[in-house]
Amino acid sequence: MTRLLTHLRHVDLAVPDYEKQLDFYAGVWGLTQVAEYSGISFLAAEGSPEQYIVRLRRAEEKRLDLISYGAATPADVDTLAEQLLAGGVQLITRPGTVDTPGGGYGFRFFDVDGRTIEVSADVATRTHRRIEEKESIPVRLSHVVVNSPDLDRTRTWYEQHLGFALSDTLASPHMGEVMHFMRISNQHHSMAIAKGPHTSLHHISFELRGVDEYMYGTGRVLRAGVRKIWGPGRHLAGNNTFSYFLDPHGNTVEYTTELERLDEDSWHPHVYDFSQPEVTDQWGTANAMSEIVAKESFNDVDRGCFTAPPV
């Protein structure tokens, strides 16, 4: 199908301990709170033109509220909505005015695992700035990874309905395929799908200015006492750096930089054996990947996702 999505806009989380999460994201993690009302906070990255990249909502139960993507024009939004309806996808809202900072024109729908997805266009550009050398705060949202109990069904749905393309796959001889890296541009991945025991958020990744800033940021977060899961290191798939931490409610968040840009006309997906140490970490600097490390990002069952029928 024709690719109508352009980029990842924001990831929205419901959190029981709202103040603690807000202190984390607007404090040590380095985002900027740009708006707040009725127990909802909007957090921007200083280097990003997006109005916000994380939204926090006060709630009794932790959940992933939605993942938002951009489209180039309102006409593309309308086209996508009609294509999804024709494909039997359940819409939550029809295309119309978006009532969040920056406005715009968009709609929401459920993916095959029951996650809420939003697509919008004509969102006002936020005044942003160049992140300076040694400034260890996020430039922008890099990518999001979700857990799915049916890896290939979720991959096929995103390919057929949203125009994602497969960049690479992680697998091992004894576990089979465990992660698909998916793209909507020449960026190696805007999302990835991980094989997990239940539907949930795997991690949210934030891009820093460069390797130095990434290392300064990793050190700053460590000194603040935030629990590190894995890193610092450099993956083979995507060739990006990684340092994974847990936010106060156990969501995994990542600092990264230098995610690979592909020549889409010539690119052919690889299947990398992640049991080989150089696949998970080319540098050999991170703590070893293990089942314990992997389970940290299974996260809690996301009860906000309904059980969607196969589409």
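Reply: Serine 190 counts as buried, because its relative accessibility is 4% and buried means under 20% relative accessible area, with exposed over 50% and partly exposed in between (1.4 Å probe, protein chains only). The model is a predicted one, in which local features need pLDDT of at least 70 and side-chain atom pairs count only at pLDDT 80 or more, while totals for chains, interfaces and linings use all residues. Residues are numbered from 1 along each chain as its sequence is written, and side-chain values use heavy atoms, leaving out hydrogens and water.

Serine 190 sits in the loop that links strand E11 (176–183) to strand E12 (191–195). Helices (H or I, at least four residues) and strands (E, at least two) are DSSP runs, numbered from the N terminus. Contact means heavy atoms within 4.5 Å. Apart from neighbours within four places in sequence, serine 190 has contacts that include Leu8, Ser142, Val144, Met182 and Ile184.

Eight strands form an open sheet with mixed pairing, in the order E2-E3-E4-E1-E5-E8-E7-E6. Two strands pair if DSSP finds at least two bridges between them. E2 and strand E3 (residues 40–44) run antiparallel and are joined by five bridges; in E3, alanine 44 is the bridge partner of threonine 32.

Two helices pack on this sheet. Helix H1 (residues 18–26) touches E1, E2, E3 and strand E4 (54–58), and its direction makes about 165 degrees with that of E4. H2 touches E1, E5, E7 and E8, and makes about 25 degrees with E7. These angles run from 0 to 180 degrees between N-to-C directions, with axes being lines fitted to C-alpha atoms, for helices over the stretch in contact.

Strand E5 is largely enclosed by the rest of the structure, because eight of its nine residues are buried. E5 runs antiparallel to E1, with eight bridges, one of which pairs histidine 7 with glycine 70. With E8, E5 runs parallel through four bridges, and serine 68 has glutamate 118 as its bridge partner in E8.

Helix H2 (residues 74–86) has 13 residues and reaches 18 Å from its first C-alpha to its last, close to the expected 18 Å; the expected span is 1.5 Å times one less than the number of residues. Val77, Leu80, Ala81 and Leu84 are its buried residues. They lie on the same side of H2, because they cover an arc of only 100 degrees around the axis, taken from the directions from the helix axis to the C-beta atoms. What covers them includes E1, strand E5 (63–71) and helix H3 (151–162).
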